[in-house]
Amino acid sequence: MNTRSTHPALSSPCAEHTSSFGQEGNLVGTLSRSHARGANAPCVLLFNAGVIGRAGPHRMNVRLARALAEDGLDSFRFDLAGLGDSTRSGSGLPYEQQAVHDLREAMDHVQAQTGASEFILIGFCSGADHGYSAALQDQRLTALVMFDPFPYPTFLTHLVRIAVRIQQDGPWNVVQGWVQRRLARRHTPPPAGTPSGASKPPVSSRMTPPQDEYARALQGLQSRGVGIYMIYSGSGLYWYNHSLQFRLGFWRWPSLWRIQCDYLPTVDHVVGERRGQELLIRRMRLWIANHVARRPPA
Amino acid sequence: MTPQHATNLHASIPERPTTFRFGPAGQQCCGTFRPAGSQHAAAPKPPVLLCQPYGQEAIRTQRLFRALGDRLGAKGHPVLRFDYFGTGDADGDDTDGCMATWVDNIVMAHEALQTWSGQSTAIWVGLRLGATLAATASARTAKPPAKLVLWDPVHDGPSYLQELFDSSDRNMNDSLAQNWHRVKPVLARAEGPGPVQASGFELSEALVSELGAIDVQAFSGVQARQITLLKPAAHEAAHPVTTALLRNGFLCKEVATTERIDWASDEAMGTAIVPTGLMTQLLAEMDSVRA
């Protein structure tokens, strides 16, 4: 093995600085300052997906930060309390509230460092949930980009799932599996209090709000001028599996049809493939560029 | 990267875990230093440098390394863990990093750890590729580590590369609703074969070449007073690295771990693991270091 390294001259679109922040000093984040940033440009917030550190799943947050820097946007990627390099908070807040608290501390920190007063949040999986909750509470969040946000399966979702299974496994195997599961359920009744769909692969442990409540909240964000972009991966066969699902699921709330919602069947939930990463970054960059261009002048 | 870059740190030793970037501008690593608990200030234990694995294995073990650092800190060891150049939160893209650079990064991190801990000795713990890099780096430091813990080291480059590629496809097939083995050729026809990658991390030609060239000779120049090799449970024969080290006149203690882990698994966002049995074994190994 050649153990002598050569260091190529690297040209980065941004300068990055990592530091502790927050009232308790327990949070850690990396501020990425674009060399091409525009005046009054919003800052993009990136943070953990599940328990994965601030670099993001397969380093997606780092890739996004540097791509967005090329577009003239600063970003701040950070770890929520107890995750990555951030230590636990002594606040005693429940997990969900703590996450929103940390997001607001991140905005306070960036605002103090850079003067940014508007923020765009990119959230993966549970990060999308935290972003949604934070946007409801903090007017500085002017746009949400949510990857695999709360899903609301419809009857068509189930039909598509069955069709996909039949195509992949053959009709006989699908019927056989269904019968076996029914018989197993009959002989082993679920514990009291188990929801009817519990024998299916779990949607997740996420606290999915009732659809009415979610729809009204999204409408509230829309009326406040918050931009919303949803992207669903191709991993959710049981909960989101076709491109019309959002519109069909939310047909009773026509104003929500204005929300751009993309379904990317070849991109998986953890974005574990380079072409999928590049596709996702392209989509996010384009949407964010359009959102920034549409903002009213300061 | 030169050693003096390791010392562009705060002048005073931090009293709480501190995350910082170190190294020359544009090529910085990102590390977290955890000082020993204040109750150990009078008699701190040797500092520990944690050398993480590569790619998805690094993602999967990030929490393990953090938990290990916290436990070691509580026992009195100052600890430094860090992202190599081109990985994690560090500077650089996937294809900027290579083994030679990462070896330099370990040397630089070792010097940073010496500066902050105020001790000239150290224990290095390397997992998978991190163990292989640590073994190489040990021969490059002015003050080699007192102890080197090689945890499931990568010693057969072609097999390791094949594992990386296989785990990529396996993870995609598990994660995607469609059959990845059917989707992949369709995508390749439509968009070209795509870059050489392992679980979403692009590999440069130089890195593929370096990884493919790894063999047990990578461990022949190792320098440490004590060497412990942690091998996976159910690996009954002597580990090839142990055999090579003994043949070259090194003393190497071999310990079978209590758990067998698929380091490259990608089971969803909650994929990170902290196996308690392994943690206990590792902590016990730290206690056995000679001054």
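I started with the lining of the largest cavity: its residues divide into twelve nonpolar, ten polar and eight charged. My classes put Ala, Val, Leu, Ile, Met, Phe, Trp, Tyr, Cys and Pro as nonpolar, Asp, Glu, Lys and Arg as charged, and the others, Gly among them, as polar.

Housekeeping: this is a predicted model, where local features need pLDDT of at least 70 and side-chain atom pairs pLDDT 80 or more, while totals for chains, interfaces and linings use all residues. Residues are numbered from 1 along each chain as written, chains are lettered from A, and side-chain values use heavy atoms, without hydrogens and water.

I noted that a cavity is a set of points on a 1 Å grid over the protein atoms alone where a 1.4 Å probe fits but cannot get out, and that lining residues have an atom within 4 Å of a point. Volume is the space filled by probe spheres set on the points, which are joined across faces, edges and corners.

Back to the largest cavity: I read about 430 Å³. Of its 30 lining residues, the closest to the centre are B:Q52, B:Q62, B:D83, B:G88 and B:D89. The largest share of that lining, four residues, comes from α1(B); helices here are DSSP runs (H or I, at least four residues), numbered from the N terminus.

Next I looked up the second largest cavity, with about 90 Å³. Residues from both chains line this one, including A:D85, B:R66 and B:R81. Here too α1(B) gives the most, with three residues. I see two nonpolar, four polar and five charged residues in this lining.

Terms used:
1 Å grid on protein atoms, 1.4 Å probe; cavity = no way out; pocket = protein on both sides within 12 Å on 5 of 7 lines; lining within 4 Å. Helix = DSSP H or I, 4+ residues; strand = E, 2+ residues; numbered from the N terminus.
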